[in-house]
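Me: I am new to this structure and would like to understand how its descriptions are reached. Could we go through the terms one at a time, setting each value beside its definition?

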Amino acid sequence: MMTQILVLDVAGRPAKWISPNDAAIYYANRKVAWDLGDETLTLRGGHDRNGEQSLLTVKPVIAIAGRAMLGSVRQELPLGDQNHMLFKRDRHMCAYCGGVFAPKDLSRDHVLASSRGGPNTFANCVTACKKCNGEKGDKLVEQFRPLLYVPYTPCRNEHFILQGRNILADQMAYLSLKLPQHSRLRS
Ligand SMILES: [Zn+2]
């Protein structure tokens, strides 16, 4: 799977994941205020007049100078429709029976059912195996079974851990620095 580069604003807040090629553009335009990480990536650039190919080094975490990232940082971070982040937050554990399942056997359960106006948010959604989700239907939690864990809204750093694929050690170290006590992603 392709490596992703973690982009921060100049204050160090995670802004987005991008491809190494897109990161190279920031370097080329001298927009990288600072970068960090030991796992560098070397990209091949164009050929110069003498036929020499330029090489560009991209680090796994880059902070972009100026105001460019402010818009991304101000954005709310929604749960979205992909279950990947939800399952990862809940460590693939069904909130009703406690079983740990493969993604294909899991589903998104709205604690307060959508049919009753329950929102599609981190705070109202848990991971449930398909069997439990089917049995629960649109019952209220109190008419079904107590939740084995409480759903919560990830902080910004945690959200980026949940969203990222194939996260490099340097990126994980950076994002893990400021995780709250309650985070289930703390190891
Ligand atoms: Zn279950």
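Me: In which helix is Arg74 found?

Reply: Arg74 is found in helix 2, residues 70–74, where helices (H or I, at least four residues) and strands (E, at least two) are DSSP runs, numbered from the N terminus. The model is a predicted one, in which local features need pLDDT of at least 70 and side-chain atom pairs count only at pLDDT 80 or more, while totals for chains, interfaces and linings use all residues. Residues are numbered from 1 along each chain as its sequence is written, and side-chain values use heavy atoms, with hydrogens and water left out.

Me: Why is Arg74 called exposed?

Reply: Buried means under 20% relative accessible area, exposed means over 50%, and partly exposed is in between (1.4 Å probe, protein chains only). Arg74 has a relative accessible area of 65%, and is therefore exposed.

Me: What makes the arrangement around the zinc ion tetrahedral?

Reply: The protein donors of the zinc ion are Cys94 (SG), Cys97 (SG), Cys129 (SG) and Cys132 (SG), which lie 2.3 to 2.4 Å from it; donors are N, O and S atoms within 2.8 Å of the metal (3.2 Å for Na, K and Ca), and water is not among the atoms, so sites may look incomplete. Four donors count as tetrahedral if all angles lie between 85 and 135 degrees. The 4 donor atoms around the zinc ion subtend angles of 98 to 118°, and the arrangement is therefore tetrahedral. Along the chain, the donors follow the spacing C-x2-C-x31-C-x2-C. Among them, Cys97 in the loop between helix 3 (84–89) and strand 7 (106–110) and Cys132 in helix 4 (residues 130–136) are 35 residues apart, a pair that links distant parts of the chain.

Me: Which of these two, Cys97 or Cys132, is buried and which is partly exposed?

Reply: Cys97 has 38% relative accessibility and so counts as partly exposed, whereas Cys132, at 4%, counts as buried.

Me: How do you know that helix 5 and helix 6 are roughly antiparallel to each other?

Reply: Helix 5 (residues 156–163) and helix 6 (residues 169–176) pack at an angle of about 150°, with their axes 9 Å apart. Axes are lines fitted to C-alpha atoms, for helices over the stretch in contact, and angles run from 0 to 180 degrees between N-to-C directions. Angles under 35 degrees count as roughly parallel, over 145 as roughly antiparallel, 65 to 115 as roughly perpendicular and the rest as oblique. The two helices, helix 5 and helix 6, are therefore roughly antiparallel. Their contact, meaning heavy atoms within 4.5 Å, is made by Asn157, Phe160 and Ile161 of helix 5 together with Met172, Tyr174, Leu175 and Ser176 of helix 6.

Me: What makes Cys125 count as buried?

Reply: Cys125, which lies in strand 8 (residues 125–129), has a relative accessible area of 0% and is therefore buried. Not counting residues up to four places away in sequence, the residues that Cys125 touches include Leu79, Leu86, Arg89 and Pro151.

Key: Four donors count as tetrahedral if all angles lie between 85 and 135 degrees; four count as square planar and six as octahedral if opposite donors are over 155 degrees apart and all others between 65 and 115; anything else is irregular.
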